[in-house]
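Thanks, everyone. I have one chain to walk you through today. Please put the sequence and the model up on your screens.

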Amino acid sequence: MKKQLELCRIKLFADSLKKGKSWNGYEVYEPIYKEEYIGGHPKIVLVKDGEVRLSTSEECFAYMEFVKSKGTP
């Protein structure tokens, strides 16, 4: 799974990934950028049952609303 997470990080042009809040049965990893990055619609990395994938933009927006409703850590 580490290799798959690293490939997703590279696809997102992120400096690192940070584990986020669990959402809809997924482990979530949020991209971290050292500098401002403007690269289109936001994405997160979703992990469920050993499958690692990038979210759709719609999933990312739904996750951001979920996190917003729960408050920031």
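One definition before we start. Helices here are DSSP runs of H or I with at least four residues, strands are runs of E with at least two, and both are numbered from the N terminus. With that in hand, read the chain from its N terminus: the elements run α-β-β-β-β-α. That comes to two helices and four strands. Keep in mind that this is a predicted model.

Now the overall build. Along the principal axes, the C-alpha atoms fill a box of roughly 30 × 30 × 20 Å. Of the 73 residues, 29% are buried. The chain exposes about 5,300 Å², and carbon and sulfur atoms supply 54% of that area. One more number, on contacts. Take those with a separation of 6 or more: 32% of them join residues 24 or more positions apart.

Next, the sheet. In what order do the four strands lie? The order is S1-S2-S3-S4, in an open sheet with antiparallel pairing. Look at the edges. S1 and S4, residues 51-54, each have a single partner strand, so one side of each is left without a neighbour in the sheet. From one strand to the next, the twist averages 25 degrees.

Let's go through some of the pairings. S1 and S2 are antiparallel and share four bridges. Find Lys19: its bridge partner in S2 is Tyr29. Lys18 stands opposite Glu30, also in S2. Move on to S2 and S3. Three bridges join them, and they too run antiparallel. Here Val28 stands opposite Leu46 in S3. A general point to carry with you: in a regular strand, side chains alternate between the two faces of the sheet.

What packs on this sheet? Helix H1 does, and it touches S1, S2, S3 and S4. The direction of H1 makes about 5 degrees with that of S4.

Now to the loops. First, some background on backbone angles. Most residues other than glycine have a negative phi. Which residues here go the other way? Phe13 is one: it is not a glycine, yet its phi is positive, about 55 degrees. Phe13 lies in the loop between H1, residues 2-11, and S1, residues 16-19. Is Phe13 buried or exposed? The cut-off for exposed is over 50% relative accessible area. Phe13 has 56% relative accessibility, so Phe13 counts as exposed.

Asn24 is another. Its phi is near 50 degrees, again positive in a residue other than glycine. Asn24 is found in the loop between S1 and S2, and S2 covers residues 27-32. At 55% relative accessibility, Asn24 counts as exposed.

Stay in that loop for one last stop. Ser22 is also placed between S1 and S2. Ser22 is exposed, with a relative accessible area of 53%. How far is Ser22 from Leu12? In sequence, the two are 10 residues apart. In space, they are 20 Å apart, C-alpha to C-alpha.

To recap: four strands in an open antiparallel sheet, with H1 packed on the sheet.

Conventions. Residues are numbered from 1 along each chain as its sequence is written. This is a predicted model: local features need pLDDT of at least 70, side-chain atom pairs count only at pLDDT 80 or more; totals for chains, interfaces and linings use all residues. Side-chain values use heavy atoms; hydrogens and water are left out. Buried means under 20% relative accessible area, exposed over 50%, partly exposed in between (1.4 Å probe, protein chains only). Two strands pair if DSSP finds at least two bridges between them. Axes are lines fitted to C-alpha atoms, for helices over the stretch in contact, and angles run from 0 to 180 degrees between N-to-C directions. Contact means heavy atoms within 4.5 Å. Accessible areas come from the Shrake-Rupley method with a 1.4 Å probe; for residues, only the protein chains shown count as cover.
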